[in-house]
Amino acid sequence: MKNLYALLLFLFFSSATTYSQVILSLDDDRIYIDSIAKVTRNTKSDSIRCLYSFRLSKLYLMVQDVKKSKEYLAEANKLKVRFPFLNDLSVYYNSYTFLEKGDADGFEKTLLVANKKLSKYNVIEAYRLRAVVLQNYGIMQQRKSNEKAYMRILVNEAIPVAKKSGDNELISGLYKNVAIIFMNNGQREKAEEYLEEAENYIEKATKRSPTLIESKMETYIIKAENLVEIKRFYDAKKTLDKAFATLSKHPESNINDSYFYAEGIYYAKQYQHAKALMSYEKGIASSLKHQNTLALNRLKFAEYEVLFKLKEYKKAGENLEYLIENSQLIVDKKNYYKELSKVYSATKNYDKAYFYADKYNVINDSLNSTKFESEIVELEAKYKKAENEKKISLLQAQNEKAALLVSNNSLNVILFAVLSVFLLITVLFLWVFNKNQKKLSVQKEINYKQELTALENQQKLSVSNALIEGEEIERKRIARDLHDGLGSMLSGLKIHLKLSDRDNTINRTEVSALLDNSIKELRNISQNLMPESLLELSLEHAIKDLCMASSNSKTNIEFQYLIPKPNLPKTYEIVIYRIIQELLNNALKYSDASQILVSCSQNKDTFFITVEDNGTGFDVSAKSTGMGLKNIKNRVEFLKGKLEIESDTDKGTSAYIELKVKKENQDDE
């Protein structure tokens, strides 16, 4: 049972433990877990209590408290019934029960079901759990020696889904597992690419979890080992220092077992054998304290390699004899026999060298034949299991059929009658409910249309009022121009003529000059009212004339008209002209700009206006009290357009306008 729960731990926490295959720890994680348990007990929401109970079942399994893990799993299963998402999520959390029964195939099938059910949801928790499910399914393929399938699942499925969850610790773990596959296959440079990604993601992880710091330490240690193997010693030392900065504060942590191994090979590969042996000794002491057999064996063998190079054959042989005695795997023993043969050969003890070489050869030959036999046994076991399942299914079907035949006919009649009455009541209820719903829907639709019409009318009224107000201001401006400009000039001409009659002399040059100025002023007023070029020529000519007339020695106005074949009704052209006229007036009046750009373009039924200047700019968020900007907004709304103004102090102003327009032939239709 102990081995079984070790497998469960390995699967549920695989993103943090794939390389070490032990639960890594810096501190007592129970403090964090107990705080989650307290929140779970105090919450009033059944859905939150259910979700946290599922998580606690996993967390207590991490600290090997199987009893509490099962208690919280049972509690979660009671609460999940009313929540579809939690029902689907429970498939994953309950999947380990198949492993308790020794049913690995059932476990795999359940993982696939969990992935399918969770794929319906586009929420972070679903993405996170799907990534874990796919990771566990991949590990099961790896345990069947199908490492290619494991790699494909990680790269093509688990990592993309994990990225959607935004869980950086999980993403880092998956990249780390891909790197380990490459390391196991000797592709160290490729492994480094994925370890770089793993390090980047784990350093971005901020979400609190009981495994975050441990995952970060393991990533640093594995990356350092790999960097040593590809002889990037400077980078390896930097990475080891990152790990040491944290581990130095936790000398009792079992992560030190792996750290001292990585530090040892860092020194050993650079022929600093004394330092390497010191690191291995520290690691061996730490591994013995934590009963970490896997780390201990790795450290013993690494120490052996250094001792052999130093020709300390006695100590080297003792390490190998220890490994042979304590190793559980026959494959490892085979390799240790081979190395021990080398040690005795180096000491010229050829009898023992031959003895261990012969043991190596016997095991090597045995493994090759045993592998073939085990494959046959495995196939036979699968065949028998399938046959037994067929027989069981057939017997169950026969028993169910017999039970149905024995059942009471009268009970069936009563049940049928009850169901009929129930269905009739249900149909009536649904009919009445549907009828009422239709009435409510119709009434809601009527109310909505009325509200929409009222809003549209209110908007139209607001625009109309604004346009009337603008027209009234325009009339006052025209009256002022006629009175102050043309009126003054004509009065001056009249006075001049009276004086000429009295003196009986007429200065024709002065009279002609006064008449020319009056005519010019009249044309200016007429141009402001309705430019002649807009009526007789086109919008392009009118705006071009406006830009030329508005340019002065201080301000240069550039005009771009990017419409090859304009075809707009005059009403639209007049509104567009007025908008540009108002924008230019504002720019000339307030911006103190030296350059102004006016650009017009059109795409199908959308007309674009851009007016930019390099002037002083203004605060767009400040409330405007002038009529100029208000008139522009009203005209834009009149054509159902959009107005966007960008401006910063001393950085100029840009006005972007989109207007919905119709072509002239469309307007006629």
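**Questions on a predicted model**

The protein has 27 helices and five strands, and the model is predicted.

Me: What share of the 669 residues of the protein counts as buried?
Reply: A residue counts as buried when its relative accessible area is under 20%. Applied to the 669 residues of the protein, this cut-off gives a buried share of 40%.

Me: How much of the accessible surface of the protein belongs to carbon and sulfur atoms?
Reply: The accessible surface of the protein comes to about 40,200 Å². Of this area, the part that belongs to carbon and sulfur atoms is 55%.

Me: Among contacts between residues at least 6 apart in sequence, what percentage joins residues at least 24 apart?
Reply: The contacts considered here are those in the protein between residues at least 6 apart in sequence. Among them, the share that joins residues at least 24 apart is 63%.

Me: Is strand β3 largely enclosed or largely open?
Reply: Strand β3 has eight residues, and six of them are buried.

Me: In the hairpin of β2 and β3, which residue takes a positive phi?
Reply: Two residues lie between the strands of this hairpin. Across the two strands, Ser601 stands opposite Phe608 in β3. The residue with a positive phi, near 60°, is Lys604.

Me: Which residue in the turn of the hairpin of β4 and β5 has a positive phi?
Reply: The hairpin of β4 and β5 has five residues between its strands. In this turn, a positive phi of about 65° belongs to Asp650.

Me: Is Asn226 buried or exposed?
Reply: Asn226 is found in helix α13, residues 212-229. Leaving out residues up to four places away in sequence, Asn226 touches Met183, Arg188, Ala191, Glu192 and Leu195. Its relative accessibility is 0%, so Asn226 counts as buried.

Me: What is the relative accessible area of Lys231?
Reply: Lys231 is in the loop between α13 and α14. Its phi is near 60°, a positive value in a residue other than glycine. Lys231 is exposed, and its relative accessible area is 57%.

Me: What is the relative accessible area of Lys348?
Reply: Lys348 is found in the loop between α19 and α20. The phi of Lys348 is positive, near 65°, although the residue is not glycine. Lys348 is exposed, with a relative accessible area of 63%.

Me: How many aromatic pairs are there, and what kind of pair do Phe85 and Tyr121 form?
Reply: With ring centres required to lie within 6.5 Å, the count comes to 19 aromatic pairs. Phe85 and Tyr121 have ring centres 4.8 Å apart and planes at 80°. Planes over 60 degrees apart count as edge-to-face, so the pair of Phe85 and Tyr121 is edge-to-face.

Me: How many residues apart are Phe85 and Tyr121?
Reply: Phe85 lies in helix α6, while Tyr121 lies in the loop between α8 and α9. Both Phe85 and Tyr121 are buried. Their pair links distant parts of the chain, and the separation is 36 residues.

Me: Why is the pair of Phe429 and Phe433 stacked?
Reply: Phe429 and Phe433 both lie in helix α21, four residues apart, which is about one turn of the helix. Their ring centres are 6.1 Å apart. The pair is stacked because the angle between the planes, for which the cut-off is under 30 degrees, is 20°.

Me: How much accessible area does the nonpolar patch of Phe429, Leu430 and Phe433 have together?
Reply: Phe429 is exposed, with a relative accessible area of 55%. Leu430 is partly exposed at 47%, and Phe433 is partly exposed at 43%. Together, the three residues form a nonpolar patch on the surface with an accessible area of about 330 Å².

Methods:
Residues numbered from 1 in each chain as written. Predicted model: local features only at pLDDT ≥ 70, side-chain atom pairs only at ≥ 80, totals over all residues. Heavy atoms only, no water. Pairing = 2+ DSSP bridges. Buried < 20%, exposed > 50% of the residue type's maximum accessible area, 1.4 Å probe, protein only. Contact = heavy atoms within 4.5 Å. Patch = residues over 30% accessible without salt bridge, like charges linked within 9 Å, V, L, I, M, F, W, Y side chains within 5 Å. Areas by Shrake-Rupley, 256 points an atom, 1.4 Å probe, with all protein chains shown as cover. Salt bridge = Lys/Arg side-chain N within 4 Å of Asp/Glu carboxyl O. Phe/Tyr/Trp six-rings, centres within 6.5 Å; stacked < 30°, edge-to-face > 60°.
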